[in-house]
Amino acid sequence: MSKPDELLVDIAAMVESEQSNQMSLTVVVQGAVITGRLAPESVWRQRVAEVLAHSERLGPFSALFSSAGPDTRPPQRKGPPTHLYFHVAKILQGSIGLPETGGMYRVAIEDVGAWTVGDFSYSDR
């Protein structure tokens with residue numbers, strides 16, 4: 001098990017403290033390049049819950065992500081963050097980003113092999 005990058009943990013902690021939700025980041029995880037903006041876990045969970053709630057087949061899963069009730073709130077984390085929560089994020093595949101509209105990704109910090117501040121642009125050119 002690798003030791004997570006301390007600077008990346010500090011960035012995640014600052015985002016979690018909700019001091020800023022504008023941090024763009026690009027990470028490499030097991031060969032995949034993910035680029036997008038970080039969000040606090042609570043914001044990420046709520047957005048995922050909203051998307052799932054609108055799905056006929058996946059609606060029941062929305063409660064797992066929702067913070068609407070006391071039984072569905074995520075547990076309070078102790079210690080440093082262990083994951084990055086991306087929203088409006090894309091997996092870069094050649095010169096295009098998937099999905100086109102951006103997605104919601106949860107990435108274990110310990111799995112990040114490389115990273116850079118900012119997000120990459122992509123085009124169909």
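Glutamate 41 and arginine 45 are partners in a salt bridge, with 2.9 Å between their closest N and O atoms. They belong to a predicted model, so keep in mind that everything below describes a prediction. The protein chain contains three helices and five strands, and along the sequence these elements follow the pattern α-β-β-α-α-β-β-β.

**Salt bridges**

- How many salt bridges are there? The count comes to two.
- Glutamate 41 and arginine 45 both sit in helix H2, which covers residues 41-53. They are four residues apart there, or about one turn of the helix.
- The other pair is lysine 3 and glutamate 6, whose side chains meet with an N to O distance of 2.7 Å.

- The five strands make an open sheet in the order S4-S3-S2-S1-S5, and the pairing is antiparallel.
- Which strands lie at the edges? They are strand S4 (96-108) and strand S5 (112-117), each of which pairs on one side only.
- On average, neighbouring strands of this sheet are turned by 35° against each other, ignoring direction.

**Strand by strand**

- Strand S1 (residues 24-29) and strand S2 (residues 32-38) run antiparallel and are joined by six bridges. Valine 27 has isoleucine 34 in S2 as its bridge partner, and valine 29 stands opposite alanine 32 in S2.
- S1 and S2 also form a hairpin, with two residues between them.
- S1 is mostly covered, since five of its six residues are buried.
- On its other pairing, S1 meets S5 in the antiparallel sense over five bridges. Here valine 28 stands opposite alanine 114 in S5.
- S2 pairs with S3 as well, again in the antiparallel sense, over five bridges. Look for leucine 38, which stands opposite phenylalanine 86 in S3.
- S3 and S4 run antiparallel and are joined by eight bridges.

- Most residues other than glycine have a negative phi, and most peptide bonds are trans, so exceptions are worth a look.
- Glutamine 30 is not a glycine, yet has a positive phi of about 50°. This residue lies in the loop between S1 and S2.
- Why does glutamine 30 count as exposed? Its relative accessible area is 73%, and exposed means over 50%.
- Valine 88 also has a positive phi of about 50° without being a glycine, but its place is in strand S3.
- Valine 88 is exposed because its relative accessible area is 51%, and the cut-off is over 50%.
- Where is the cis peptide bond? It joins leucine 98 and proline 99, with omega at about -10°. Proline 99 is found in strand S4.

**Surface and packing**

- Leu58, Phe61 and Leu64 make a nonpolar surface patch of about 300 Å².
- Leucine 58 is found in the loop between H2 and helix H3 (62-65). Leucine 58 counts as partly exposed because its relative accessible area is 36%, between the cut-offs of 20% and 50%.
- Across the 125 residues of the protein chain, 34% are buried.
- The accessible surface of the protein chain is about 8,100 Å², and 54% of it belongs to carbon and sulfur atoms.
- Taking contacts in the protein chain between residues at least 6 apart in sequence, 60% join residues at least 24 apart.

Terms used. Residues numbered from 1 in each chain as written. Predicted model: local features only at pLDDT ≥ 70, side-chain atom pairs only at ≥ 80, totals over all residues. Heavy atoms only, no water. Salt bridge = Lys/Arg side-chain N within 4 Å of Asp/Glu carboxyl O. Pairing = 2+ DSSP bridges. Axes fitted to C-alpha atoms, helices over the stretch in contact; angles between N-to-C directions. Patch = residues over 30% accessible without salt bridge, like charges linked within 9 Å, V, L, I, M, F, W, Y side chains within 5 Å. Areas by Shrake-Rupley, 256 points an atom, 1.4 Å probe, with all protein chains shown as cover. Buried < 20%, exposed > 50% of the residue type's maximum accessible area, 1.4 Å probe, protein only. Contact = heavy atoms within 4.5 Å.
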